[in-house]
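Colleague: Can you walk me through this model? I'd like to go over the strands, then whatever else turns up.

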Amino acid sequence: PPHTIIVNEIMYAPPSSEPEWIELYNNSASTVDLKDWKLSNKSSSTKYLISNQHVFLNPQQFILVTKDVARLGNVYTAIPAVILEIPTLPTFHFTNSNDAVAVFDSRNAPMDSVLYSSTWGGTNNRSLERLEPDGSSQSQSNWGTSVNPIRSTPGTKNSLTSKDFDLVVQ
């Protein structure tokens, strides 16, 4: 894969009861320590620290990053992923028309970035999902609006991602 840790899902325009959040995914065969990794958007020159503690992300594991873990927990009763809170994130960190999410490793090297537009999806209180982890972060065709009944897939495989097995009964 082109990057070890990728941006996999973005809730940039949630309902008012839900905080914005980003889902990262370990798209490698190795465990990655997210200590001193950072996150940023297009409109801010600030890079926000994901964690100053050791946070190990196993292969094919998800992690969510949000400003408000408590509010997120009020919306989703069971998220099968680690959730990290970044209290310093501005309340409206991501713009709803177009913005970017960039992830930097502990050396400040860019690991993944997505420059998205609302035309890519993620509107109407639904998340913007990546279709294929190995696909391009910069390609609109690799992103779309979640079709999951709960509007998103925090901590689980995206609703738009190809199934591991696609069985047809004949």
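Modeller: It is a predicted model.

Colleague: Which residue is the bridge partner of Leu-39 in strand 5?

Modeller: Tyr-48 is the partner of Leu-39 there.

Colleague: What is the strand order in the open sheet of four strands?

Modeller: The order is 5-4-9-10, and the pairing is antiparallel. Strand 5 (48-49) and strand 10 (110-117) are the edge strands, each pairing on one side only.

Colleague: And the sheet of six strands, what order does that have?

Modeller: That open sheet runs 8-7-2-1-11-12, with mixed pairing. Strand 8 and strand 12 (143-145) each have a single partner strand, so one side of each has no neighbour in the sheet. From one strand to the next, the twist averages 30 degrees.

Colleague: Take strands 7 and 8. Parallel or antiparallel?

Modeller: Parallel: strand 7 (residues 62-66) is joined to strand 8 (residues 82-85) by four bridges. Leu-64 has Ile-83 as its bridge partner in strand 8, and Thr-66 has Glu-85.

Colleague: Switching to side chains. How many aromatic pairs does the structure hold?

Modeller: Three. One of them is formed by Trp-21 and Tyr-76, which are edge-to-face, with 6.3 Å centre to centre and 85 degrees between the planes.

Colleague: Where in the chain do Trp-21 and Tyr-76 sit?

Modeller: In distant parts, 55 residues apart. Trp-21 belongs to strand 2 (residues 21-26), while Tyr-76 is in the loop between helix 1 and strand 8.

Colleague: Pockets next. What volume does the second largest pocket have?

Modeller: About 160 Å³.

Colleague: Which residues line the second largest pocket?

Modeller: The lining consists of Asn-8, Tyr-25, Gln-60, Phe-62, Glu-132, Pro-133, Lys-157, Asn-158, Thr-161 and Ser-162.

Colleague: How many of the lining residues are nonpolar, polar and charged?

Modeller: Three are nonpolar, five are polar and two are charged.

Conventions. Residues are numbered from 1 along each chain as its sequence is written. This is a predicted model: local features need pLDDT of at least 70, side-chain atom pairs count only at pLDDT 80 or more; totals for chains, interfaces and linings use all residues. Side-chain values use heavy atoms; hydrogens and water are left out. Two strands pair if DSSP finds at least two bridges between them. Helices (H or I, at least four residues) and strands (E, at least two) are DSSP runs, numbered from the N terminus. Axes are lines fitted to C-alpha atoms, for helices over the stretch in contact, and angles run from 0 to 180 degrees between N-to-C directions. On a 1 Å grid over the protein atoms alone, a cavity is a set of points where a 1.4 Å probe fits but cannot get out, and a pocket is an open set with protein on both sides within 12 Å along at least five of seven lines; lining residues have an atom within 4 Å of a point. Grid points are joined across faces, edges and corners, and a volume is the space filled by probe spheres set on the points. Ala, Val, Leu, Ile, Met, Phe, Trp, Tyr, Cys and Pro count as nonpolar, Asp, Glu, Lys and Arg as charged, and the others, Gly among them, as polar. Rings of Phe, Tyr and Trp (its six-membered ring) pair if their centres lie within 6.5 Å; planes under 30 degrees apart count as stacked, over 60 as edge-to-face and the rest as tilted.
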